[in-house]
Amino acid sequence: MALLNILHFPDPRLRTIAEAVTIFDEDLKTLVSDMFETMYEAPGIGLAATQVDVHKRLLVMDVSEEKNNPKVLINPEILEKEGEEEMDEGCLSVPGYYETVRRAEKIRVRAQDAHGDFFEISADGLEAVCIQHEMDHLEGKLFVDYISNLKRDRIRKKLEKLKKQEQRA
Ligand code: NI
């Protein structure tokens, strides 16, 4: 297992559109376990491959309090959406910032597991938000894209400044 480096906004690599996973081999299983380790260590409730600079359609998550319910969604597809809700979201790629985002309240998703087998899940609340947030990453989209340009620009400038300070240190 290994901790992976998480890209931070406004890194242009976060804008890459991920490609479908077609090979379900040992390398994929290693990537999945490294992504879980990285997510739990951060700590976060979800992580998309895009965030660790791997541009494949794959995300991991665990929204449980006890951190004992890991889920991996490969090539996820939203089949149905219902309702709307607003929730404050954060992102490991936008550290320290939380903004309210409106998303579907309930979703039904089809995805593949690490063996390539298809399954479907219904999700609501935090889990539904998490899946939609992580699936956005696979399209090169970030939660800050939902807020005003002014706010996004302010966050971008602060994170760029932080990065420069880290590089000097
Ligand atoms: Ni995120």
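Reply: In this predicted model, E89 has a relative accessibility of 3%, and because buried means under 20% relative accessible area, E89 counts as buried. E89 belongs to strand β4, which covers residues 85–89. Leaving aside residues up to four places away in sequence, E89 touches Y97, Y98, E99, V101, R103, V129, H133 and F143. By contrast, N5 lies 84 residues from E89 along the chain, and the C-alpha atoms of the two are separated by 21 Å.

C130 is in no disulfide, and the nearest cysteine sulfur, which belongs to C91, is 10 Å away; since a disulfide requires cysteine sulfur atoms within 2.5 Å, the count of disulfides comes to zero. C130 is buried as well, with a relative accessible area of 4%.

Turning to the strand pairing, strand β3 (residues 71–82) and strand β6 (residues 106–112) pair in the antiparallel sense over six bridges, and within this pairing I78 stands opposite V109 of β6. Strand β6 is also joined to strand β7 (residues 118–124) by seven bridges, again with an antiparallel run, and here R108 stands opposite S122 in β7. Five residues lie between β6 and β7 in the hairpin that they form, and G116 in its turn has a positive phi of about 95°.

Definitions and conventions: Residues numbered from 1 in each chain as written. Predicted model: local features only at pLDDT ≥ 70, side-chain atom pairs only at ≥ 80, totals over all residues. Heavy atoms only, no water. Pairing = 2+ DSSP bridges. Helix = DSSP H or I, 4+ residues; strand = E, 2+ residues; numbered from the N terminus. Buried < 20%, exposed > 50% of the residue type's maximum accessible area, 1.4 Å probe, protein only. Contact = heavy atoms within 4.5 Å.
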